[in-house]
Amino acid sequence: MGNAQDASGPLISGISAHFRGVAREIFQHALTESSIRKAFDRHVSLDRGILRVGEDLFDLGSFSRIFVVAMGKAAHTMVEALMTHLGAGVTGIVACSTDPVTQVFGFRYYRGGHPMPNSDSVRAAEAILKSLSTHASRSLVIFLVSGGASAIVEKPVDDSITLEDLIATYKVLVHSGAPIREINAVRKHLSATKGGRLALMASPAQQVSILVSDVPDGTVDSLASGPTMPDTTTVEECYDIVKKHKILKQFPASVRDLFERVELEETPKHGDGSFDRSRFWTILSNEIARKHAVAKAAMNGFAIEVDNTCDDWDYAEAADHLLKKLRTLRKGVSRVCLISGGEVTVKVTGEAGVGGRNQQFALYCATKIADEDITVLSAGTDGIDGNSPAAGAIVDGTTLARASAVGLDAQTALQTFNAYPLFDALGDAIVTGPTGNNIRDLRILLAY
Ligand SMILES: O=C(O)[C@H](O)CO
């Protein structure tokens, strides 16, 4: 392998490196400004014993117990932020996918698996269910829910489903190309914790859920498979979903049996009394990240457009759509920035290499913009793209030439879902490490 140098001459090389730097700055700025700590400072406060969450006020003096359940990739960061407002005497459980440097005093930690559940996911679910069952009406249960919790906290609804079966089922769902609302509709109906079942277990306590959302706007009960919220999906929909994506036969026998012979059990619903003392506040979502990306792009002198229409689309269709739009927008404008939030889907066929949806999207864009003055960044705010150590990647008109100069072929990497090694070799992977946040992905497209 040779050196990953620009094959396009020093001037072009300098310009493209400059705009790769600008795109990185825009992403980093959005990440920093959308921090969990800032969101808690805006939406949560404690004043003379009254806890404010969003527009709700809770008189802490009227409760005999305060218990916190934090679950998801942002669980630890959310607990830390909550405790700066709440102070001592509060206990709870934290289920996250990475080990924090120091744990918050008074909390039991579990390191559940992600993207696949592990035995600690099951232990966390059992510990949460057990603790919640002990709460009476004078308890205040605060749920801190963030994305990733579907896998991080999990217990099958039926004992016939083993952990291995669960992992096999998750693999089928995650690789099916189905959007997250559909994936989680099925997960909800196979789980003892999802689809409002934690709220049911905590009843009759007063409950408030503080949500950091990694799901599309308007589908918040999909977040972490909605463990504390009324479920808007139904058993009937689950049958339609497995039929539509032709995945029932791929499930392990125990799960197939539940669908075919036993029938799935319906989840708690709005109006059935399960949520009479439940409140919900989304304090952070992709919208905030987009807003800060827009502000930073404006500071860099770009004309800006935001387009989220391709949320949940197949990565190649989303890329074609956004590149077409960028090329239209650039007509008559010297610098244009197109920002798009949300996630794209990748239907993996065969054995996947090392990569993720952001790197797959970016690499596909690279194959479409050779020699154009376009830069594309795609990265996840959680810092974790698929099974790779990167958050995402950045490409431009020089990517293909630079890759082939070091003996790497973009088409092969795309077909084998193995984008990370290519980006790593070019120095174009975006590596932040797990950020402790999780508000979906940002795609930043620049034309100049
Ligand atoms: O945990 C999950 O289900 C996903 O991250 C969506 O919230």
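**Pockets, ligand and backbone of a predicted model**

Student: Which helix gives the largest share of the lining of the largest pocket?
Tutor: The largest share of that lining is four residues. A pocket is an open set of points on a 1 Å grid over the protein atoms alone, where a 1.4 Å probe fits and protein lies on both sides within 12 Å along at least five of seven lines; lining residues have an atom within 4 Å of a point. This is a predicted model, in which local features need pLDDT of at least 70 and side-chain atom pairs count only at pLDDT 80 or more, while totals for chains, interfaces and linings use all residues. The four residues come from helix 7.

Student: How many residues line the largest pocket, and which elements give two or more of them?
Tutor: The lining has 45 residues, and H114, P115, V174, R357 and G386 lie nearest the pocket centre. Elements are DSSP runs numbered from the N terminus (helices H or I, at least four residues; strands E, at least two). Those giving two or more residues are helix 5 (149-152), helix 6 (163-174), helix 7 (180-189) and helix 13 (357-368).

Student: How much space lies in the largest pocket?
Tutor: The lining draws at least three residues from each of domain 1 (10-33 + 287-447) and domain 2 (36-155 + 191-231 + 267-284), with bounds from an automatic or database assignment. The space in this pocket is about 1100 Å³.

Student: Which element gives the largest share of the second largest pocket's lining?
Tutor: The space in this pocket is about 180 Å³, and its lining residues are L31, S35, I36, R37, T77, E80, A81, T435, G436 and N437. Two or more of the lining residues come from each of helix 2 (36-43) and helix 3 (75-86). Domain 1 and domain 2 each supply at least three lining residues. The largest share, three residues, belongs to helix 3.

Student: Which backbone lies 2.9 Å from an oxygen atom of the ligand?
Tutor: Around the ligand are 13 residues, with G148, S150, N184, D214 and A224 coming nearest; near here means a heavy atom within 4 Å. Residues are numbered from 1 along each chain as its sequence is written, and side-chain values use heavy atoms, leaving out hydrogens and water. In the side chains, a polar atom of D214 is 2.4 Å from a ligand oxygen, and an N or O atom of N184 is 2.8 Å from a ligand oxygen. The backbone atom at 2.9 Å is a polar one and belongs to A224.

Student: What percentage of the ligand's exposed area does the protein bury?
Tutor: Accessible areas come from the Shrake-Rupley method with a 1.4 Å probe. Taken alone, the ligand exposes 230 Å². The protein buries 91%.

Student: What is omega for the peptide bond from H114 to P115?
Tutor: P115 sits in the loop between strand 6 (107-111) and helix 4 (119-132). The bond from H114 to P115 is cis, with omega near 5°.

Student: Where is P204 placed?
Tutor: The peptide bond from S203 to P204 is cis, with omega near 15°. P204 is in the loop between helix 8 (197-202) and strand 8 (206-212).

Student: What is the phi of K246?
Tutor: K246 belongs to the loop between helix 9 (235-244) and helix 10 (253-262). K246 is not a glycine, yet its phi is positive, at about 50°.

Definitions and conventions. Grid points are joined across faces, edges and corners, and a volume is the space filled by probe spheres set on the points. A polar contact is a pair of N or O atoms within 3.5 Å; within protein, one must be able to donate a hydrogen and the other to accept it, and residues adjacent in sequence count only if both atoms are side-chain atoms.
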